[in-house]
Structures are given as C-alpha cells and as structure tokens.
Amino acid sequence: MQVYRIVLLYLAVLCLTAWIPVGFADKEDAVEEDAVADLDEPDVEVEPEPEASEEKEKPAAKKPTEIENYTPPVISVEHQDSVFLAEPFADPAVYKARWIQSQAKKDGVDENIAKYDGVWSFEEPLTKLFKEDIGLVLKSRARHHAISAKLDKKFDFKDKPFIVQYEVKFQQSMECGGAYVKLLADGQGFSPETFTDKSPYTIMFGPDKCGEDRKLHFIFRHKNPVNGSFEEKHAKKPSGNFQGVFDGKKTHLFTLVVRPDNTFEVFVDQESVSKGSLLEDMTPAVNPSKEIEDPDDKKPEDWDEREKIPDPDAEKPDDWDEDAPPKIADPDAKKPEGWLDEEPEYIPDPNGVKPDDWDDDEDGEWEAPQIANPKCEKVGCGEWKPLQIDNPNFKGKWSAPLITNPEYKGIWKPRMIPNPHYFEDKEPFKMTSIVGIGLELWSMTPEILFDNIIITNDKAVADKWAKESWVKKNVKETYGGSDEGGVLGGLLEATNERPWLWVLFVIVIILPFVLIAAFCFPGGKSDAAKKKTDEPTEDVAEEETKSEEREEPVGEEEEEEEKMEVDEKEEKEEENAEEEEPERRVTRRKARKEN
C-alpha cells in the first residue's frame, strides 16, 4: 500500500474515533428531540427566557467549585391525562406523603428477620451532580425493605401501551440484591402499610444480581381465563448488553414498554436490549398445548427398548484367559551390575542434630530425618524388581458381541390426549389493572438510589421526561462537569458498552508506527523480497550488466583498440602485396624478351 493511502486511512480512523464520544451523546439528544417534536404543543411549564439566560451564564458555571442547580422534570398540562405517576422527588410534601414504608411482616420466615426493618431515606446521591437532586435511597445492608405508593389513577390495559421508566444508581458496586419494581394489581384493596412479598402484582421489572448471576426481570402474572388462577410468565434473557449497570459508576435508566399488539420491549439507557411477543417469548407459554401426555398411560411389560442385545449364540473362546493380569514383569530385564541389594534406599541424616528443646519423655526417642542413600545414586540399591510391561496375553473379561434386537420397539412414550386445561388467550396484554408501585427488596449492598419514576401510556412523554432528567445526569457522568478528562472518560465508557471499539483505538495507536516505518524505510519490503532468492530479476540483471561495463578499466580498452588497428594494417599490406605480384611478373617477362 502506498504511503499516502496509509495516511488517508489513518486520518479517517482518527476522525471516527474522535467522533465516538460526541456522536453517541448527540444520538441520545437527537432521539429525545424527535420524540418531543411529535407532541402536539411544547411544555407549558418550561419558560424559554430562563433557558436562554442559563446558556448565557454557562461560561461562569465552568468553575470546578460550583454545582449546577437541579431542575426536575415536569409533565405539561396537555399530557397529564396520559401520565399515571410522575415522581421526580422534587417536593418533600408530596413524596413524603406518597411513599409509605410497610409495617407488615414476611410470612413463613423466622421472627427475627420477618420484619421489614430496612431503612429508606430521601436524600441526595453520594456524588453530587446537581444541587438539591433528591432520590429515594435504600440505606441498609442485609435487611428486608418494603416501600410503596399509590398511582394517581388506575391504569387499565385497553388500547394504549403501558410504559414504566425509572432511574437506578448503584452507588456501590453491587454484590447481591435487586433494584426491580413491582406494579401492584387492583382487586384486593391495596394498602401501602400492608405491602409484602405476597402482595399481588401485575408486572415485575428491573435489574437483579447475586454474584455472577445478572438478570433483568420482566415478569407478568397471567390470569387463566378458564379457572381464574394466576401464573408468572418470564421473558427470555435479554440479548443486549446490560452487564455494566451494576458497577456503581453511573445512573442508569430502565424502561419497559408493553403494547396492545402483545409485543414488549426493554430499554437500558434508551437502548433496546430485549424485545419479543407475549405469546411467543415467555416461559412458560401463555397458552398451554392442545395435547398432553396421558398421565394414566403405562408402558407394557413386554415393551423392549433395547436397540442392541448380547448375541445369545456367542461363546467364549477356549484360549480366552480372563485371569491374565494387564501388566507383567519384563522377562528380558536384567539386574544392573553393581546393584546394592543389601543397602537401604534411605538412611538417617548423619548431619541431623537433635533439637535442644526435645524431651524424650514427652516427644519420644529422637530419630534423625531420613535422606536418600548416597550409595544408591550410581546404580541403585534395595530389592531389585524388573520393570512392568503390558501383558500381550491380556484380554480382560469376555462379553458377547452386540447384535440388533429383533424385539426392539423403540423408546416408549405415553399416548397424547386432548389437554383438559387448554385455552387460547389471544390478548395477554389485557392484564389486571395496576393501582400502585412498590419496592420490596433485600440487598447485601446499600446505597441504591431510585429517582424520576414515571408510568404513562405515551412513549414520547417518557422520552421527554428522560431528556429533562437522566440525559443531563448521563452527560455529566460520562464527560464530567468540565472539559478536563471528558474525552478519555467517554472513550473508556464507550468501550464498556461496545467492546469492538477497541479495534479502532488499537489501529489509531499502531498506524503512526507503520507510517514512520514507511517513510524511513521505503525500499525495505522489495529488498527483503530480493534476498529470498539468488536468481537476479530482469531489472537487476540490466543494472549488473551496466555496472560491469562501467567498471571495466580504461587501459584494457586502449590496448584492444591498438590491436584492432594493427590487424587492419596487416590486412591492407597483404592485399597490396597480392595486387603488386602480377605487375612484377609482367615487368620481368618484358625484360627477358628485350634481352
């Protein structure tokens, strides 16, 4: 590859890498802006003038000692009908009256641990991002916690989706415990004071971890239309990445959407991690099988499930010795010369010293520790035994060869009969109405913070709520309150959720070295290729010929030219001699006649 191409590739990768931390943050903002744009009117409670003034004051807010005041999210008047609970924990008079800690006890457990004595607190996070940003915090370790609140109005599953969304921050790395919510069912007179693990719920949703077992629950209780009983239906394991939510570093947003078309989708930090159908992707299935195995069917006594059986006509050969050992002494082995039969392999250490505190009465007679006999090092000593080798006559226990069973009928299964409990519910979305929300948790890790809980039937409203709350926190936690260290933190955070980004980062680091090598050693590759063979290439042969011609000494050229000139003179003299010879003969003849 030519150098300029490598440079262009490096610049492209560098630009992509620089875009990553900014691009992912902008992506979230863009999604939220589109969602808000779909609403009929802008939020009445948000005034444009304060926002403009805040933008002008941004340069002054960059001081590291200053913490920005928190503005909680609000629900506009025109969207209040679509919201069933909106809890930003902004007004102490409201949230302290709404959230009631349970006074009940767990059933079926020891009296010492039956009480819900875990402490709840309304307070700011340990790491403050904003001033007066209050949340609901689980404070106790290894305690049972239970707190709940009634919805502003009942949610009925009819023709609009159900959305529950809330923030969780594990302020300490999660060891074992849950942070899920229960959407409490209508019909039995729900009371927060009596809320327990036995209180009926319609949906349970949220993260849960113990050790290396990490889960993201979505469970709903389905009502049997035939007998009215309830059964829990568990969604499949999420396919997306949610493992990093328990690390105790950032605030995470959990969103569940259940739609009237019987589909569901789970989001973590506004990214889909699981989706499916209530009819096809729940365990056990909503609708039972039409047929079941007959519980009264019994396998016949003469039913033979053996596909192969020992050949009844086979006989053990006469020369088959079942008692022959698998190993025998090597008959060709000979004891080495000089073998010391009488010498022991180990002897007491002659240099051993009895400890000063050794008491023969209490510790017994002292004996020096055993060491290898140095006389045995050359050949060996002790009783000599030949080496063991495989016994060529060993065959083991004889067994008849297997043949196809003529009575084989296959693996028996009970016959199928119509399922007496069969039903078909084509609309499992129509669940039991919801009247409350509760947190019934046990955790080995304290300081779990819950915030900005919303229940609605409009995803756009939930997205706008998140933009006014979680998105602000996520930007601060990802990129920091100042510009210092923001990009590096963003890159590292991006790799946690998208490990494939490490490939780009490695390329960015390695390519400069490749470019340096390309500039400093431009011919290195072709020279190395020439060294692999002794046969000259066409270009090399021409260059060698020219170099040989240039290297010929000047003296040899002059001698060769002089030799050529001498040869030419001799050839001319011979030709002249041949021409003069006939003339001389004619002259001689004339002279003789005259005489």
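## Bridges, links and patches

Q: What does Asp 360 form with Lys 354, and how far apart are the closest N and O atoms?
A: Asp 360 and Lys 354 form a salt bridge, and the closest N and O atoms are 3.1 Å apart. The term salt bridge is used here for a side-chain nitrogen of Lys or Arg within 4 Å of a carboxyl oxygen of Asp or Glu.

Q: Before we go on, what kind of model is this?
A: It is a predicted model, where local features need pLDDT of at least 70 and side-chain atom pairs count only at pLDDT 80 or more, while totals for chains, interfaces and linings use all residues. Residues are numbered from 1 along each chain as its sequence is written, and side-chain values use heavy atoms, with hydrogens and water left out.

Q: OK, back to that pair. Is Asp 360 buried, partly exposed or exposed?
A: Asp 360 is partly exposed, at a relative accessible area of 38%. Lys 354 also counts as partly exposed, with 33% relative accessibility. For the cut-offs, buried is under 20% relative accessible area, exposed is over 50%, and partly exposed is in between (1.4 Å probe, protein chains only).

Q: Which residues do salt bridges with shared partners join into one network?
A: That network is Lys 106, Lys 182, Asp 197 and Glu 440.

Q: And how many salt bridges does a search of the whole structure find?
A: The search turns up 32 of them.

Q: Is Lys 182 buried or exposed?
A: Lys 182 counts as buried, at 6% relative accessibility.

Q: What about Arg 141, which residue does it form a salt bridge with?
A: Arg 141 forms one with Glu 175, where the closest N and O atoms are 4.0 Å apart. Here too distant parts of the chain are linked: Arg 141 sits in the loop between β4 (135–138) and β5 (143–155), and Glu 175 in the loop between β6 (162–170) and β7, 34 residues apart. Arg 141 is partly exposed at 46% relative accessibility, and Glu 175 is partly exposed at 43%.

Q: Switching to cysteines. How many disulfides does a search of the whole structure find?
A: It finds two disulfides. The cut-off is a pair of cysteine sulfur atoms within 2.5 Å.

Q: Which cysteine does Cys 176 form a disulfide with?
A: Cys 176 pairs with Cys 210, and their sulfur atoms are 2.1 Å apart. Cys 176 lies in strand β7 (residues 176–178) and Cys 210 in strand β9 (residues 201–210), so the pair ties together parts that are 34 residues apart in sequence.

Q: Why is the disulfide of Cys 176 and Cys 210 left-handed?
A: Because the torsion about the S-S bond of Cys 176 and Cys 210 is about -95°.

Q: Now the surface. Which residues make the nonpolar surface patch?
A: Val 506, Ile 509, Ile 510, Phe 513, Val 514 and Ile 516 make a nonpolar patch of about 570 Å². Patches are made of residues with over 30% relative accessible area and no salt bridge, joining like charges within 9 Å and nonpolar side chains (Val, Leu, Ile, Met, Phe, Trp, Tyr) within 5 Å. The accessible areas come from the Shrake-Rupley method with a 1.4 Å probe, and for residues only the protein chains shown count as cover.

Q: Where is Phe 513 found?
A: Phe 513 is in helix α9 (residues 501–520), and Phe 513 is exposed, with a relative accessible area of 59%.

Technical notes. Helix = DSSP H or I, 4+ residues; strand = E, 2+ residues; numbered from the N terminus.
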